[in-house]
2 protein chains.
Amino acid sequence: MEIKDVILGFLDWKPMTGYELKKLFADLDFLPWSGNNNQIYKGLLELEKEQLVRKTIIPQENLPAQKRYSITAAGKKQLQCAVAQPPDAESLKWRHGFLQQLAWSECLTTEEIRQLVGQFQKQNENELVKTQDAIRNVPATVRRSPREAFIWGMVFRNRVMHLQSELNWLNLLLGGLTELNRKLDSL
Amino acid sequence: MEIKDVILGFLDWKPMTGYELKKLFADLDFLPWSGNNNQIYKGLLELEKEQLVRKTIIPQENLPAQKRYSITAAGKKQLQCAVAQPPDAESLKWRHGFLQQLAWSECLTTEEIRQLVGQFQKQNENELVKTQDAIRNVPATVRRSPREAFIWGMVFRNRVMHLQSELNWLNLLLGGLTELNRKLDSL
DNA sequence: TTAACCATGTAAAAAGTTACATGATTGT
DNA sequence: ACAATCATGTAACTTTTTACATGGTTAA
């Protein structure tokens, strides 16, 4: 998922202007882009050129005309494709790409979502093992004092705890999806 | 903390070459920089121009000469200054700046570290409240299905759980620092 | 009257990634 | 024979940020 895919995700909710998109980027903390003018307005121009969105110009009195963008069929296809990608490794570092895929997963079946979640779960488990190993290899140089040794231990433990909390969250997620299916089946 | 400060942090352990620094950036997952040639070698040149590091050239047979950089007094001052900054807001998003400050906090007193931790703790608590509020304001547009509503709930809950796990970690950290002090006092 | 909101966009700079370039040594 | 390690650096490109630019409306 790159920023243009997220824009498509928003436009798949409803048609919007660049201005509205900017506000969403500013409000939603899990998106790693600032959503500045350059990203949004340039992005929209490109998306239009690629025919993934279409614009309607709405003139206003005393204010610059609104350009309201809506997603095209090709845009929907592109969104679905981006969302269905196997979660990439950077998700485990700072750009939580998996959350973005999940947020716009409405275009996938529940089974496909489960698969994505499963893949991400495995990546997290591997990373947890890797990090716990890494603790044993902390460079000896960082033991100038018992305090520094303790602090570096905590730096690694931070990551371990985050990964564990992520795994807990993934279990809740899978449980919730099952629960939803159960309810729908019983209707 | 920007990448040059982290380089200073490493050189404060011991003098190193660009090649060694690269490996550290590659190995340590909590650092958000890839540590590619451009960043490291350009960074070192700039640091040298700013007189924050000094280089010694060590010729080798059959291999390019090593350039071993060491931190200067001015460099140590700069590092301490960077580490002592109040943790910035981006720490709460993706670039976990606080971890970097903590990792190189050996130049601070335990009291100063406690202060940093306290500040970061407060920011996390505020952010937790803010995020829990935000859940109540999730745009109604994202409820195309019960499934989507559930998923967006989980996207927000991911952040809540991370913040809670961060607060737990901060308590462990403060507890550990107290414990260390107790031990030193009892000698 | 000052700030925030509405609404668009562009320019320049900074930061980051990927690929290029060299070339000996060591292990599989 | 091929890949990895050692060891430096540069060039081209992409991404992101910050600042510039305009200008009317509304609420404190």
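Which residue's side chain meets that of Asp29(A) in a salt bridge? The partner is Lys130(B), with 3.7 Å from N to O. This pair belongs to a predicted model in which the count between chain A and chain B is six salt bridges.

**Interface between the chains**

On the side of chain A that touches chain B, four helices each supply at least two residues, namely α1 (3–13), α5 (97–103), α6 (110–136) and α7 (146–185). The largest share comes from α7(A), with 23 residues. By residue class, this side of chain A divides into 28 nonpolar, 11 polar and 13 charged residues.

In terms of contacts, 52 residues of chain A meet 53 residues of chain B. The size of an interface is often given as the accessible area lost when the parts come together. Here chain A and chain B bury about 5000 Å² between them, and 65% of that area lies on carbon and sulfur atoms. Within chain A, the residues that lose the most area to chain B are Trp13(A), Glu106(A) and Arg147(A). Together these three account for 15% of what the chain A side buries.

**Backbone at Gln51**

Most residues other than glycine have a negative phi. Gln51(A) is not a glycine, yet has a positive phi of about 60°. Gln51(B), likewise not a glycine, also has a positive phi of about 60°.

| Residue | Loop |
|---|---|
| Gln51(A) | between α3 (37–49) and β1 (53–58) of chain A |
| Gln51(B) | between α3 (37–49) and β1 (53–58) of chain B |

Are these residues buried or exposed? Gln51(A) has a relative accessibility of 58%, and therefore counts as exposed, the cut-off being over 50%. Gln51(B) is exposed as well, because its relative accessible area is 58%.

**Confidence in chain A**

The mean pLDDT of chain A is 91, and 99% of its residues score at least 70. Among the elements of chain A, the highest mean pLDDT belongs to α3(A), at 96, and the lowest to α5(A), at 91.

Definitions and conventions: Residues numbered from 1 in each chain as written. Chains lettered and ligands numbered in written order. Predicted model: local features only at pLDDT ≥ 70, side-chain atom pairs only at ≥ 80, totals over all residues. Heavy atoms only, no water. Buried < 20%, exposed > 50% of the residue type's maximum accessible area, 1.4 Å probe, protein only. Contact = heavy atoms within 4.5 Å. Buried area = accessible area lost by both parts, 1.4 Å probe. Salt bridge = Lys/Arg side-chain N within 4 Å of Asp/Glu carboxyl O. Nonpolar A, V, L, I, M, F, W, Y, C, P; charged D, E, K, R; others polar. pLDDT = per-residue confidence, 0-100.
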